[in-house]
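Hi there,

Here is the structure I promised to pass on. Have a look at it first, and then read my notes below.

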Amino acid sequence: MDDKEESLIQHLEALRSVLVKSFAALAICLLPMFFLVPYFMDALIKVIVGDNEIVLNYFSPMEVFLLQIKIAVVLDLLLCFPYIARQVWKFLLPALYDNERKFIKSIVLTSSSLFIVGVLFCLFFILPLIINFGISFATADIKAVFGISNIVGLALMLSVIFGLMFQFPLITYSLIRSQIVSYDGVKSKRPYIFVGILIVAGILTPPDVVSQLMLTIPTYLLFEAGLWAARKYKNED
C-alpha cells in the first residue's frame with residue numbers, strides 16, 4: 001500500500017469517526033428533547049400569541065404528538081450543532097494554513113451568532129407582527145381560528161429561514177475578502193441583489209406581502225452591513 005492510498009484511508013476513517021460521533025450525539029440528545037418539548041412549546045406559543053386572546057386548536061388525535069416530534073428533532077439539531085461543528089472543524093484543521101484556520105474559526109463563531117440573532121428576531125418581532133396582521137381581518141362575522149400545527153410549523157420554518165438569511169453579511173464579507181468577487185462589482189449590482197433577495201423571500205415565505213417584506217428588508221440591510229464591513233478590501237481586486 002503506497003502513501004496516497006494510506007492517506008486516503010486515514011481521511012476516510014477520520015470522516016467516518018466524525019459521522020459516527022455526530023449521529024451518536026444526535027441520538028443521545030434526542031430523548032431529553034422529548035421531555036423538554038412541552039415546556040418549549042408553551043413558551044413559544046406565549047411569545048407568538050403575545051397579548052392576543054386567541055386559542056390554538058388541533059384537529060386530529062395525533063397532531064400535537066407529531067408536532068412535538070418535529071420540534072424535538074429541531075431542538076436536537078440546534079443543541080448538537082456546536083458539537084458537530086467542532087468535530088467537522090477538527091477534521092478540516094490539519095489541511096488548513098494558520099491564517100485560514102483563524103479566518104474559518106471566526107466565521108464559525110460569527111455564523112452561529114448570526115443564526116441565533118435571526119431566530120430571535122423572527123420569534124420576538126416578525127411572528128407577532130404576522131399574527132396581529134392576520135387577526136386584523138377578524139370581524140363580528142369572521143372569527144380567527146388558528147391551528148397549532150400551522151402556527152408552530154410557521155414559527156419553526158420562518159425561524160430557520162431568518163437564521164439562514166442572517167448569514168448574508170457574512171457571505172458578502174467572505175466573498176469580497178477572499179477576492180472571489182470585487183467590492184466595486186458587488187456595490188454596482190445593488191439593484192439586482194435587492195430584486196434577487198425579494199424573489200428568494202417570495203419563494204421561502206408564505207404567500208403574503210407582509211412576510212415577504214419582513215424578510216426582504218432585514219436581509220438587504222444585512223447585505224449592506226456585510227458590504228460596509230468589507231469596504232477596506234475594495235482596492236484589493
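**Helix packing and the main pocket**

The crossing of H4 and H8 is right-handed. Please keep in mind that this is a predicted model.

The axes of these two helices, H4 and H8, come within 10 Å and cross at roughly 20°. Angles under 35 degrees count as roughly parallel, and H4 and H8 are therefore roughly parallel to each other. On the H4 side the contact is made by Ile-161, Phe-162 and Met-165, which meet Met-214, Leu-215, Thr-219 and Leu-222 of H8. By class, the residues of this H4 and H8 contact are 6 nonpolar, 1 polar and no charged.

H8 (residues 209-229) also packs against H5 (residues 168-177), at an angle of about 30° and with the axes 7 Å apart. That makes H5 roughly parallel to H8, and H5 passes H8 in a right-handed crossing. From H5, the residues Phe-168, Pro-169, Thr-172, Tyr-173 and Ile-176 meet Thr-219, Leu-222, Phe-223, Gly-226, Leu-227 and Ala-229 in H8. The residues of the contact of H5 with H8 comprise 8 nonpolar, 3 polar and no charged.

Now to the largest pocket, which holds about 840 Å³ of space. It is lined by 30 residues, and the closest to its centre are Leu-78, Phe-81, Ser-112, Phe-115 and Ile-116. At least two residues of the lining come from each of H1 (3-49), H2 (63-92), H3 (98-135) and H4 (148-165). The lining of the largest pocket divides into 24 nonpolar, 4 polar and 2 charged residues.

Best wishes

Methods: Residues are numbered from 1 along each chain as its sequence is written. This is a predicted model: local features need pLDDT of at least 70, side-chain atom pairs count only at pLDDT 80 or more; totals for chains, interfaces and linings use all residues. Side-chain values use heavy atoms; hydrogens and water are left out. Axes are lines fitted to C-alpha atoms, for helices over the stretch in contact, and angles run from 0 to 180 degrees between N-to-C directions. Helices (H or I, at least four residues) and strands (E, at least two) are DSSP runs, numbered from the N terminus. Angles under 35 degrees count as roughly parallel, over 145 as roughly antiparallel, 65 to 115 as roughly perpendicular and the rest as oblique. A crossing is left-handed if the near helix is turned anticlockwise from the far one by less than a right angle, and right-handed if clockwise. Contact means heavy atoms within 4.5 Å. Ala, Val, Leu, Ile, Met, Phe, Trp, Tyr, Cys and Pro count as nonpolar, Asp, Glu, Lys and Arg as charged, and the others, Gly among them, as polar. On a 1 Å grid over the protein atoms alone, a cavity is a set of points where a 1.4 Å probe fits but cannot get out, and a pocket is an open set with protein on both sides within 12 Å along at least five of seven lines; lining residues have an atom within 4 Å of a point. Grid points are joined across faces, edges and corners, and a volume is the space filled by probe spheres set on the points.
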